[in-house]
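These are my notebook entries on a structure that I went through from its overall fold down to single residues. I kept them in the order in which I looked things up.

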Amino acid sequence: MLHKLWAVAWLEILGGMRRYAILGLVLLSFALEVGGLLFMDFIPRDIGRASSDFILTIGWFSGMLFLFFHCVQVFAWDEERRTIHTLLARPVRRWEYVLGVFLGLSTLLLLLNIILALAGYGVLHWIHLKYGAYFEVFNVPHYTLAWIGLYCIELMLLAVIALFSGLVRGGFPVLLLSLSYYMTCTGLPVVREAFKGRPINQIFPLDNLLTGLAVFFPDLGRFDFKTIITEQQGSTALKLALDFGLFFCFLVIVLGATCAIYQKRDLK
């Protein structure tokens with residue numbers, strides 16, 4: 001089973017390398033980081049927080065481009081290409097195909113994040129040495145945690161893309177559904193905070209409804225740790241254990257549902 005999973009994953013890794021998906025995003029991120037260095041002299045204070053936010057934002061932007069433009073096309077059922085029909089034939093079963101493609105794309109995502117994290121570390125280290133008076137704390141463990149949290153967000157979205165690819169056909173519908181899901185996850189906490197304590201909650205339990213929707217639309221901000229890069233104290237171990245526990249539960253449930261949908265899906 002593991003051999004088949006890795007065989008499918010390796011095909012996706014080679015496909016991503018052949019399309020220069022990783023190389024193009026890495027070059028784009030390097031160009032953005034170098035361009036951002038030109039504006040560092042215009043930041044009067046707290047340059048550490050601004051530069052760390054900038055580096056993580058570039059990583060987020062590159063990851064979203066990879067997810068919505070490469071991963072969607074890989075997972076989506078294209079009527080013109082018959083690759084999925086060949087891969088889903090024996091001896092590779094459908095759930096092995098789903099997990100194999102997810103493993104391959106998650107490996108490419110991991111490679112992309114590692115390259116960008118190392119490049120970002122070099123940029124932040126240079127800024128820390130040059131502007132030490134305005135960049136007093138550069139916490140490397142918190143910097144690593146911030147990239148791990150970003151990678152967790154990307155894996156959750158990748159699992160959702162896999163789920164939508166089994167529900168609808170075509171790359172564009174999967175792209176719209178995945179993008180809508182991401183925007184809902186990021187906007188729901190803002191709406192929940194806006195309606196907290198409003199008089200309407202006494203008539204209709206809107207606050208409870210918005211809280212219950214977090215089961216289907218998790219708060220991705222739980223994994224946003226870029227604000228603690230310039231701080232000595234970070235999140236507690238209990239909070240981190242709870243957040244990453246919810247992350248693993250989310251992946252298991254979504255990927256399990258995806259495998260069940262693919263088992264019953266008609267390939268014609």
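**Entry 1: overall make-up.** I first read off the order of elements, which from the N terminus on runs α-α-α-α-α-α-α-α-α-α. That comes to 10 helices and 0 strands, where helices (H or I, at least four residues) and strands (E, at least two) are DSSP runs numbered from the N terminus. I note that this is a predicted model, in which local features need pLDDT of at least 70 and side-chain atom pairs count only at pLDDT 80 or more, while totals for chains, interfaces and linings use all residues. Residues are numbered from 1 along each chain as its sequence is written, and side-chain values use heavy atoms, with hydrogens and water left out.

Entry 2: Of the contacts (heavy atoms within 4.5 Å) with a separation of 6 or more, 81% are between residues 24 or more positions apart. The chain exposes about 14300 Å², and carbon and sulfur atoms supply 70% of that area, as computed by the Shrake-Rupley method with a 1.4 Å probe, where for residues only the protein chains shown count as cover.

**Entry 3: helix H1.** I looked at H1, which has 17 residues and reaches 24 Å from its first C-alpha to its last, close to the 24 Å expected at 1.5 Å a residue; the expected span is 1.5 Å times one less than the number of residues. Its buried residues are Leu 5, Val 8, Ala 9, Glu 12, Ile 13, Gly 15 and Gly 16. Seen down the axis of H1, these buried residues fall within an arc of 160°, so they line one face of the helix, the arc being that of the directions from the helix axis to the C-beta atoms. They pack against H2, H3 and H5, whereas the face of H1 turned away from them carries the exposed residues His 3 and Arg 18. After H1 comes Tyr 20, whose phi is positive, near 60°.

**Entry 4: a nonpolar patch.** On the surface, Trp 6, Trp 10, Leu 14 and Leu 103 form a nonpolar patch with about 380 Å² of accessible area together. Patches are made of residues with over 30% relative accessible area and no salt bridge, with like charges joined within 9 Å and nonpolar side chains (Val, Leu, Ile, Met, Phe, Trp, Tyr) within 5 Å. The largest share of this patch, 3 residues, comes from H1, and Trp 6 in that helix counts as partly exposed at 41% relative accessibility.

**Entry 5: helix H2.** Which residues of H2 are buried? I listed Ala 21, Ile 22, Leu 25, Val 26, Ser 29, Glu 33 and Gly 36. Seen down the axis of H2, they fall within an arc of 115°, so they line one face of the helix. That side packs against helix H1 (2-18), helix H3 (47-75) and helix H5 (94-130), and the face turned away from it carries the exposed residues Leu 27 and Val 34. I also checked Leu 28, which lies in H2 and is partly exposed at 35% relative accessibility. Not counting residues up to four places away in sequence, Leu 28 touches Phe 61 and Leu 65.

**Entry 6: salt bridges.** My search of the whole structure gave 5 salt bridges, each a side-chain nitrogen of Lys or Arg within 4 Å of a carboxyl oxygen of Asp or Glu. Glu 231 forms one with Arg 49, the closest N and O atoms being 3.5 Å apart. This pair links distant parts of the chain, with Glu 231 in the loop between helix H9 (206-212) and H10 and Arg 49 in helix H3, 182 residues apart. Arg 93 and Glu 96 meet in another at 2.9 Å, N to O; Arg 93 is partly exposed at 44% relative accessibility, but Glu 96 is buried at 0%. Asp 224 pairs with Lys 226, with the closest N and O atoms 2.8 Å apart. Salt bridges that share partners join Arg 222, Lys 239 and Asp 243 into one network.

**Entry 7: helix H10.** I closed with H10 (residues 237-264), whose 28 residues reach 41 Å from first C-alpha to last, close to the 40 Å expected. Its buried residues include Leu 240, Asp 243, Phe 244, Phe 247 and Phe 250.

Terms used:
Buried means under 20% relative accessible area, exposed over 50%, partly exposed in between (1.4 Å probe, protein chains only).
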